[in-house]
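Visitor: I would like to learn how to read a structure like this one. Please take me through it feature by feature.

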Amino acid sequence: MNYFPDEVLEHVFDFLTSHRDRNAVSLVCSLWYRVERFSRQRVFIGNCYAISPEKLITRFPGLKSLTLKGKPHFADFNLVPPDWGGYVQPWIEALAKSRIGLEELRLKRMVVSDESLELLSRSFANFKTLVLVSCEGFTTDGLAAIAANCRFLRELDLQENEIDDHSGHWLSCFPDSCTSLTSLNFACLKGEINLASLERLVARSPNLRSLRLNRAVPLETLQKILMRAPLLVDLGTGSYVHDPDSETYNKLKTTILKCKSIRNLSGFLEVAPRCLPAIFPICLNLTSLNLSYAAGIHGSELIKLIRHCAKLQRLWILDCIGDKGLEVVASTCNELQELRVFPSDPFGVGHDAVTEIGLVAISIGCPKLHSLLYFCQQMTNAALITVARNCPNFIRFRLCTLDPTRPDPETMEPLDDGFGAIVQSCKFLRRLSLSGLLTDQVFRYIGMYAEQLEMLSVAFAGNSDKGMLYVLNGCKKLRKLEIRDCPFGNMALLSDVGKYETMRSLWMSSCEVTLWGCKTLAKVMPRLNVEIINEHDQMEICPEDGQRVEKMYLYRTLVGPRKDAPEFVWNL
Amino acid sequence: MEGSAGNHEVYPQFLDFIPKEREWLVNRDGQRRHGPSEEKELELRLGPPGDQDWSMRDSTRKNPGDKSESLLSLGYFSSMTQNISNGSQNQMFSASENPVGAVISSPWSSSAYGYRGKTLHNQQQTKVPSFLQLTSPLQGLPVVAHEASQRCCTEAVDIQGAEKKAFSPSSATTAVPNSSQKRTAPGPVVGWPPIRSFRKNLASGSSSKPAPVSQNRVPDKVASRTPVETCRKGLFVKINMHGLPIGRKVDLKAYDSYEKLSSAVDELFRGLIAAQQDSCPAGNQNKQEEEKALTGLLDASGEYTLVYEDNEGDMMLVGDVPWHMFISTVKRLRVLKSSELSALSLGSNKEEKVRH
């Protein structure tokens with residue numbers, strides 16, 4: 001290959017779409033490194049503190065699409081205090097100053113300010129795609145800037161962000177000349193929307209294929225929008241409430257019949273179940289259905305709806321569907337690949353919750369299942385073993401018993417064997433979350449069998465350091481490990497310090513590691529940032545080394561301790 | 001080789017410890033024959049015949065105390081479909097025996113769940129290690145679905161009796177988290193269950209910011225089943241007053257009749273009107289009208305009249321329909337000058353009531 005001109009190499013590299021492949025290619029030799037870096041357009045940075053924007057820009061001058069992730073995953077569950085970090089501003093500033101022609105920016109768990117959005121909107125003439133997932137720190141004013149200034153905007157996708165909603169006028173900021181939208185998702189906005197602007201925007205966006213509305217968009221507007229955008233592929237309804245005897249509803253029924261392209265359906269943030277039959281005609285075409293926010297649909301209505309959805313590949317649903325409902329899913333949706341069952345009443349007694357019965361039924365009816373997130377009242381080893389046998393193709397398996405240390409209710413034993421069966425059977429398992437009563441044994445199984453495991457989430461499990469050691473020693477491909485409330489201490493933490501440089505990050509909270517352990521690790525491994533989150537002044541000004549550390553987050557980095565850490569975060 | 005053929009003593013499998021017996025169709029995964037360092041300590045090798053580590057019958061080689069290794073037997077949960085592709089490997093076992101030795105007969109094949117699990121017949125009950133023979137009276141626990149498994153599969157688990165015994169009690173002890181462990185999660189735990197805050201408010205069905213009370217609320221089955229329509233707590237609609245640039249919001253749920261709504265509107269705007277009139281330099285208003293109550297809102301007998309915009313976008317006079325119907329269709333309210341009523345288009349479906 002060295003005799004080929006660079007263009008040929010570049011052309012070959014073009015076929016490599018996965019960033020891991022491109023990373024691998026760049027390690028072959030310096031020639032390949034050079035060709036690869038000049039031709040790379042998409043970069044994925046899993047931890048924004050692992051590298052600096054300047055280094056990114058230097059290495060990849062052709063960058064067009066950047067994905068950044070900020071806070072640790074457990075921030076989703078309120079374990080990370082606000083102001084921890086993850087600011088996108090320095091990235092946008094650096095990119096704006098450079099000659100990078102950024103076109104796409106995808107952020108997850110980052111803090112985005114209106115100022116950042118404004119700067120972003122003004123700095124990149126060709127900016128096309130903005131995707132914000134679980135971000136915070138901005139308001140609809142920032143969105144207004146994006147709408148107004150990004151002349152070629154194609155995608156504005158806001159997923160589950162905390163946005164301060166100042167008004168619905170941001171939608172009106174899309175100029176009349178903006179006709180390039182392909183995807184617009186503002187379902188997470190809580191405030192009012194200028195409905196007329198929305199209708200006009202849809203009317204002048206002939207390429208719109210994905211539209212997800214928020215709660216403020218009533219059914220009448222939905223009907224009008226669908227009239228203008230019958231080619232939609234992905235639809236998220238807003239408020240789906242109306243009198244089923246009304247003319248508006250009848251109009252909707254007719255309009256929906258024209259929307260033969262819809263494959264993804266979501267929303268129903270408010271819903272009148274008697275209006276659901278309007279969507280039955282399109283259910284057969286659906287490959288993805290997200291009813292996880294539709295708290296207003298009872299189990300029996302859910303079941304009626306599901307019966308129409310034979311081609312589903314992805315289903316997100318609330319546990320009020322019940323085990324019986326899951327059996328209907330199992331018999332109807334034989335193509336199902338991904339299932340998520342969320343708790344509808346997380347802090348209650350859970351009359352509606354699902355159990356192992358539903359999961360086993362799914363495993364039998366849906367052999368193609370490869371991704372699972374399942375919140376359940378209880379789980380048994382026997383069921384997990386059955387599921388493991390029936391569905392050996394799991395890539396992601398996340399099980400959450402609502403009571404985090406609940407044993408197998410039939411045998412009162414830990415769920416070690418059940419999860420052991422899962423890891424043993426599912427050879428391609430990359431992500432695993434455990435719950436229920438668990439001893440060191442389950443970690444032994446994981447260490448032995450989970451060869452492809454990249455991410456492991458553990459809570460309230462294990463008996464001793466051995467548990468963590470099994471995992472660190474056994475899972476060669478481990479990248480992210482997050483642990484809370486487990487009896488793992490310094491011995492486990494320090495047993496294989498080199499391991500952490502092969503991983504993206506390690507989170508340990510409410511475990512047994514002490515300040516001494518963290519300090520020691522930090523001293524020995526200069527290319528790791530070992531951060532302690534010290535909330536509520538748990539540690540005094542001169543804390544003792546023997547004191548337990550409440551929250552520790554460590555990650556590999558090329559740029560040393562971060563400079564934007566707040567007071568309560570100590571970098572050791 | 002492995003003497004698996006004739007020698008099926010009852011090897012207690014860890015699955016034995018599940019009190020309700022189950023039958024499992026288990027296939028040996030012949031491919032797991034690698035020997036990474038982690039496995040060296042494990043006596044059991046998952047290998048084809050000839051791998052001398054394979055010893056299902058041998059009760060001598062184990063250290064009974066080492067219960068952890070016995071659990072290796074956890075081993076063979078590869079599915080039938082996988083096994084089929086590794087077909088050749090399976091023949092090492094059970095060649096002489098009935099291949100379906102490990103088959104399960106599912107007493108609940110006629111279970112209500114209606115899944116496609118098929119029933120397999122257990123033919124080798126006496127020869128098959130116990131965990132494979134287990135029939136489960138446990139209702140509804142479907143075990144196997146893949147009947148293509150007519151092939152063999154003898155189990156491959158190898159657990160020594162001593163280990164079995166060792167396991168049970170130990171599992172009993174490990175099952176109980178010792179009190180020194182703080183892991184037992186009492187009551188509501190921060191960040192558990194692990195769902196994003198966006199989802200936590202669903203049960204209350206509210207679109208407003210998370211209510212702190214939701215964490216501890218006693219589950220209200222009825223409430224959680226209530227469709228999240230306008231009948232949720234707090235129906236706030238905008239209300240604009242003629243001449244006032246800034247509107248207000250009223251919670252219609254707080255009232256149950258038009259009279260109460262009317263007096264609430266009166267209170268809301270009375271002060272504002274007075275303030276505005278004050279700022280009007282000239283005008284016909286005299287001081288007497290300061291703080292004058294807004295009366296006659298509902299029958300157009302006063303200076304102002306209450307109208308509303310319904311869910312079809314039409315402007316309607318307030319008061320015609322029963323209160324509950326009004327609540328379900330109202331989208332916003334307006335307080336207009338009665339003298340302007342005739343100039344506006346009122347609801348097309350309703351009889352026009354032009355009043356002066």
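Guide: Start with one residue. A:Ser510 is buried, at a relative accessible area of 13%. Buried means under 20% relative accessible area, exposed over 50%, and partly exposed in between, with a 1.4 Å probe and protein chains only. The model is predicted: local features need pLDDT of at least 70, side-chain atom pairs count only at pLDDT 80 or more, and totals for chains, interfaces and linings use all residues. Residues are numbered from 1 along each chain as its sequence is written, chains are lettered from A and ligands numbered from 1 in the order in which they are written, and side-chain values use heavy atoms, with hydrogens and water left out.

Visitor: Where is A:Ser510 placed, and what is its phi?
Guide: A:Ser510 sits in the loop between S22 and helix H20 (515-524) of chain A. Its phi is near 55°, a positive value in a residue other than glycine. Helices (H or I, at least four residues) and strands (E, at least two) are DSSP runs, numbered from the N terminus. A:Met412 also has a positive phi, near 60°. A:Met412 lies in the loop between strand S18 (396-401) and helix H16 (416-425) of chain A.

Visitor: Which peptide bond is cis?
Guide: The bond from B:Trp192 to B:Pro193 is cis, with omega near -5°. B:Pro193 belongs to the loop between helix H6 (161-175) and helix H7 (197-200) of chain B.

Visitor: Now charges. How many salt bridges are there over all chains?
Guide: Side chains of opposite charge can pair when their charged atoms come close. Here the cut-off is a side-chain nitrogen of Lys or Arg within 4 Å of a carboxyl oxygen of Asp or Glu. A search of the whole structure gives 27 salt bridges. One of them joins A:Asp234 to A:Arg212, with the closest N and O atoms 2.6 Å apart. The pair links distant parts of the chain: A:Asp234 is in strand S10 (residues 234-236) and A:Arg212 in strand S9 (residues 210-212) of chain A, 22 residues apart. A:Asp234 is buried at 9% relative accessible area, while A:Arg212 is partly exposed at 24%.

Visitor: What does A:Lys519 pair with?
Guide: A:Lys519 forms a salt bridge with A:Asp545, the closest N and O atoms being 2.9 Å apart. A:Lys519 lies in helix H20 of chain A and A:Asp545 in the loop between strand S23 (528-533) and strand S24 (551-556), so the pair ties together parts 26 residues apart in sequence. A:Lys519 is partly exposed at 35% relative accessibility, and A:Asp545 is partly exposed at 31%.

Visitor: Are A:Arg562 and A:Glu531 buried or exposed?
Guide: A:Arg562 is buried at 10% relative accessibility, and A:Glu531 is buried at 0%. The two form a salt bridge, with the closest N and O atoms 2.8 Å apart. A:Arg562 is in the loop between S24 and strand S25 (569-571) of chain A, A:Glu531 in strand S23, 31 residues apart.

Visitor: Which residues are linked in a network of salt bridges?
Guide: A:Asp76, A:Arg109, A:Glu160, B:Arg196 and B:Arg199.

Visitor: Next, the sheet. What is the strand order in chain B?
Guide: Strands of a sheet pair through backbone hydrogen bonds, either parallel or antiparallel. Two strands count as paired if DSSP finds at least two bridges between them. In chain B, an open sheet of five strands has the order S2-S1-S5-S3-S4, with mixed pairing. Strand S2 (248-251) and strand S4 (315-317) of chain B stand at the edges with a single partner strand each, so one side of each is left without a neighbour in the sheet. Four bridges join strand S1 (residues 236-241) of chain B to S2(B), and the two run antiparallel. B:Lys238 has B:Lys249 in S2(B) as its bridge partner.

Visitor: How many helices and strands does chain B have?
Guide: Ten helices and five strands. Of its 356 residues, 47% are buried.

Visitor: Last, helix H3 of chain A. Which of its residues are buried?
Guide: In H3 (residues 30-39), they are A:Leu31, A:Trp32, A:Val35, A:Glu36, A:Arg37 and A:Ser39. Their cover includes H1, H2 and helix H4 (53-59) of chain A, where contact means heavy atoms within 4.5 Å.
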